[in-house]
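Thanks for coming. I will go through one model today, with the cut-offs stated as we reach them. Please look at the structure first.

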Amino acid sequence: MYLVVICLLLLAKEGWLDIDKDLVAASATPLVLTILEEGESYGYAILKRVRELSNGEMEWTDGMLYPLLHRLHRLGLVTHDWRLSPEGRRRRYYAITDEGRAALEEHKRQWVAVARTLRDAWGGALPTLASGSP
Amino acid sequence: MDQLELEIAEWRAHLERSPGLNGRDVEELEMHLRDQIDDLVAAGLAADEAFIIAVKRLGSIDEVSQEFAREHSGRLWKQLVLSGEGDPQATSHRWLEPLLFAVAAAVVTQGARLAAGFPDDQESWFLRNAALFVLPFLAGYFARRRGLATSQWLVAVAPFAVSALLVNLYPFVEDGSTTFLVAAHLPAVLWFAVAYPYMSGTLRSHERRMDFVRFTGEWFIYFALLALGGGVLMGITVAILTPAGVDAEAIMEWVLPMGAAGAVIVAAWLVESKQRVIENMAPVLTMVFTPLFAVMLVIAAIVYAATGLGGAFDRELLGVFDLLMVVVLGLVLYGMSARDPGQQPGWMDRIQFVAVVAALALDLMVLGAMIVRIGDLGFTPNRTAALGLNIVLLVNLVVTAWLSGRFLARRGTFHPIERWQTGYLAVFALWAATVVVVLPPLFSFA
C-alpha cells in the first residue's frame with residue numbers, strides 16, 4: 001500500500017519543471033493577489049488555482065501559503081473572515097482590498113519590466129522550452 | 001473512516017504543540033487537509049493513502065510552524081524566550097549566570113556608594129554615574145546570552161565607554177542642573193544601548209525592535225513587583241529590628257542600593273525565562289488602566305479648556321505633562337504589544353484613541369502657554385530638556401493619533417502604527433543622547 005503511495009509521489013514528481021525556490025517565493029505574493037482579484041477564496045482553493053494556472057509547474061509546500069496569507073492580511077492587502085462553506089466546512093475566506101489591488105498593480109509593473117528585459121535579452125522572443133510541461 | 005479520524009486527530013495534536021500556531025491556524029490547516037483528502041479519495045485513493053499524501057503536501061510541521069512564527073513575531077518572541085526549556089543542563093546554567101551578573105552589579109553599586117559616602121554626602125559624580133554601575137551588566141548578560149560575535153561585543157561596549165568618559169571628563173559645576181539632567185537621561189541612553197545586545201545586533205529589524213519594546217514593558221512590570229516585595233521586606237525588617245536596638249537605617253543604606261541594582265538584572269532574567277506568566281498580565285493591566293486614564297484625561301482636558309490656564313501653572317507643570325505623555329505612550333505601547341496586529345479595531349482601540357487625543361489637547365494647551373513663558377524667561381537647561389522631551393513625545397503621539405484614526409475609520413491597517421513606533425525609538429534614543437552629550441556644554445555645565 002505504501003509502495004503505491006511512494007510510486008505515486010515519484011510519478012507526480014517526474015515531468016515537473018522545478019522552478020527555483022527563490023522565484024517561487026518572489027512570485028507568490030502577486031500570484032495570490034491575482035487569484036484573489038478573481039474573487040474571494042480560501043486556502044485550499046487558492047492552491048488548486050495556483051496548480052491550474054501553472055500547469056503544475058509551480059509546486060508550493062501547501063502549509064507555507066497560510067503564513068503568506070496572514071502576512072498579506074497584516075499589511076492590509078487582504079481581509080479574511082470565517083464562514084461556513086456550502087459543504088458545511090468552516091473556512092477562512094480571504095478577499096482582496098483596495099490596497100491589495102494597488103500592491104498588485106505595482107507587482108505587475110515590476111514583473112512586466114523583468115519579463116520584458118529578459119525577452120529583449122533573449123532576442124525578442126521567449127525561447128521554447130526543451131523539456132516542457134506534460 | 002474511524003482510522004482516518006484518529007490519524008487526523010493525532011496530526012492535529014502535533015500541530016497544536018508547535019508554538020507558532022494558534023487554534024484558528026490549526027483549524028485552517030485541518031480544513032485544508034480534509035479538503036485535500038476528500039479530493040484524493042474522490043480521485044480513487046484509499047483514505048489512508050490520501051492522508052499520507054495530504055500531510056506530505058502540507059509540508060513538515062516544523063518548517064510550517066517556523067514560517068508562522070516568523071510572520072507572527074509576537075509568538076516568535078515567546079518562542080525565543082522559552083527555547084532551550086526541557087534541557088536540564090541549560091536550565092541550571094541559566095539561573096546561575098544572571099545571578100552572577102546581578103551580584104556583580106550590586107557589588108559595584110555598593111562599592112561606588114561607599115566611595116561616594118552616599119547618601120550622607122551627595123557627591124554628584126555618584127548620581128551621574130549611577131546607570132553605569134548597573135546597565136553594563138545587563139548589556140553583558142544579553143551579550144553572553146545571545147552569543148554575540150567579537151566585533152558585536154565591541155559595538156555593544158562602545159556606548160558605555162563613550163558615556164563613561166563624557167560623564168566624568170565634562171567639567172560639571174557641582175550641584176548644577178546639567179548634572180541632574182545627565183543623571184536622569186543617562187539611564188535612558190544606556191537602556192537603548194542595551195537594545196543592541198538584546199537584539200543580537202539586528203537594530204534595523206522592526207520586528208526585533210518591537211520585541212525590545214515588549215521586553216521593556218514586561219521588565220518594568222517585574223521590576224515594580226520586585227520593588228514592591230523589597231519594600232515590604234525592608235519595612236518589616238526595620239519594624240522588627242528597631243526595638244532590638246539595631247540601627248535599621250544603616251541596614252537600609254546597605255541593602256537598598258544593592259537590591260535595586262540586582263533587581264534590574266533579575267527582572268530582565270525573569271522576563272526572559274518566565275515569559276508566560278506576564279504575558280497574561282500586560283493585557284490585563286492595559287485593559288484596566290487605559291479606560292481610567294481616558295476618563296481622567298478627558299475630564300482634565302474639559303476643565304482646562306473651560307477654566308483656561310491662567311496663572312495656575314508654574315515651571316514644574318511641563319515636567320508633569322512630560323510624565324503624562326510618557327504614561328500615555330506607555331499605555332499605547334503596552335496595548336500594541338498585547339494585541340494581535342491582524343485583529344479588526346475594537347473598543348479598546350477606540351478608548352485608547354480617546355486617551356491619546358485628550359492627552360494631545362491638554363499638552364498643546366500647556367505647551368502653547370509654556371513657549372510664551374520661555375520666551376519671556378529665557379532658556380535654562382531644565383526648561384530646554386523638558387520642552388524638548390515634550391515636543392519629541394508630542395510628535396510621536398500626533399502621528400499615532402492620526403494613524404489610529406485611520407485604522408479606526410478602517411482606512412488603514414494596524415501595521416503602520418507599529419512601524420511608526422518602532423521607527424521612532426531611534427528619535428527617543430537620539431534625544432536622550434543629546435541631553436547627555438550636547439546640553440551640558442551648551443549651558444557651560446551649569
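Angles between axes count as roughly parallel under 35 degrees, roughly antiparallel over 145, roughly perpendicular from 65 to 115, and oblique for the rest. The axes are lines fitted to C-alpha atoms, for helices over the stretch in contact, and the angles run from 0 to 180 degrees between N-to-C directions. Helices (H or I, at least four residues) and strands (E, at least two) are DSSP runs, numbered from the N terminus.

Some bookkeeping. This is a predicted model, in which local features need pLDDT of at least 70 and side-chain atom pairs count only at pLDDT 80 or more, while totals for chains, interfaces and linings use all residues. Residues are numbered from 1 along each chain as its sequence is written, and chains are lettered from A and ligands numbered from 1 in the order in which they are written.

I start with a helix pair in chain B. The axes of α8(B), residues 150-169, and α9(B), residues 177-198, cross at roughly 165° and come within 8 Å. These two helices are therefore roughly antiparallel. On the α8(B) side the contact includes Val155(B), Phe160(B) and Val167(B), and on the α9(B) side it includes Leu186(B), Val189(B) and Tyr196(B). Contact here requires C-beta atoms, placed from the backbone, within 7 Å. By class, this contact has twelve nonpolar residues, one polar and no charged. For those classes, Ala, Val, Leu, Ile, Met, Phe, Trp, Tyr, Cys and Pro are nonpolar, Asp, Glu, Lys and Arg are charged, and the others, Gly among them, are polar.

Now a pair in chain A. Helices α2(A), residues 21-37, and α5(A), residues 98-121, pack at about 130° with their axes 10 Å apart. That angle is therefore oblique, and α2(A) passes α5(A) in a left-handed crossing. Among the contact residues are Leu33(A) and Glu37(A) of α2(A), and Arg101(A), Leu104(A) and Trp111(A) of α5(A).

Chain A as a whole has five helices and three strands, in the order α-α-β-α-α-β-β-α. Of its 134 residues, 22% are buried. A residue is buried with 20 or more other C-beta atoms within 10 Å of its own, exposed with 12 or fewer, and partly exposed in between, the C-beta atoms being placed from the backbone.

Next, the interface. Which element gives the most to the side of chain B that touches chain A? In total, 25 residues of chain B are in contact with 21 of chain A. Helix α2(B) gives the most, with nine residues. That side of chain B has eight nonpolar, seven polar and ten charged residues.

Helix α2(B), residues 23-42, has 20 residues and reaches 28 Å from first C-alpha to last, close to the expected 28 Å; the expected span is 1.5 Å times one less than the number of residues. Its buried residues include Asp25(B), Leu29(B), His32(B) and Leu40(B). What covers the buried residues of α2(B) includes α3, α4 and β3 of chain A and α1, α3 and α4 of chain B. Val26(B) also lies in this helix, but it counts as partly exposed because it has 17 C-beta neighbours inside 10 Å.

Conventions
A crossing is left-handed if the near helix is turned anticlockwise from the far one by less than a right angle, and right-handed if clockwise. Two residues are in contact if their C-beta atoms, placed from the backbone, lie within 7 Å.
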